[in-house]
Amino acid sequence: MPMNKVLKKTGDSLREAAADLLPPMRVELLSDRQAVVDGCRGILEYNECCIRLCTGAVTVRFTGEGLQMRNFGSLGAVVEGRIRSVEFV
């Protein structure tokens, strides 16, 4: 097996193992104005109509009006604005 394929397979295995060690994702909605996302690992898309967050195996997509990230850190994120929908992809 070529070295590139071995390294890619090893990297994929390490990412999966690391994801298992991180805390699970949790979303808490406070009315239609705020969402607290624990276990957020990155921002995939951010504009006033749509925010997509990576939480490991699941992507969370918020759509609405005037959406903003009020807090983003190692523990999670806070999305504020008029939240119209939440999708788990």
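Begin by selecting T63, which lies in strand β5, a strand that covers residues 59-73; helices (H or I, at least four residues) and strands (E, at least two) are DSSP runs, numbered from the N terminus. Before going further, note that this is a predicted model, in which local features need pLDDT of at least 70 and side-chain atom pairs count only at pLDDT 80 or more, while totals for chains, interfaces and linings use all residues. Residues are numbered from 1 along each chain as its sequence is written, and side-chain values use heavy atoms, with hydrogens and water left out.

Is T63 buried or exposed? T63 counts as buried, because its relative accessibility is 16% and buried means under 20% relative accessible area, with exposed meaning over 50% and partly exposed in between (1.4 Å probe, protein chains only). Now display the side chains of T63 and S85, which make a polar contact with each other at 2.3 Å; such a contact is a pair of N or O atoms within 3.5 Å, where, within protein, one must be able to donate a hydrogen and the other to accept it, and where residues adjacent in sequence count only if both atoms are side-chain atoms.

Leaving aside neighbours within four places in sequence, the contacts of T59 are L44, R52, L53, E87, F88 and V89.

From that list, pick L44, which sits in strand β3, residues 42-46. L44 is partly exposed, with a relative accessible area of 44%. Apart from residues up to four places away in sequence, L44 touches R52, L53, C54 and T59. Then draw a distance from L44 to V60: these residues are 16 apart in sequence, and their C-alpha atoms are 9.6 Å apart in space.

Finally, zoom out to the whole protein, whose secondary structure comes to 1 helix and 6 strands, running α-β-β-β-β-β-β from the N terminus. Of the 89 residues in the protein, 26% are buried. Among contacts in the protein with a separation of 6 or more, 39% join residues 24 or more positions apart.

Notes. Contact means heavy atoms within 4.5 Å.
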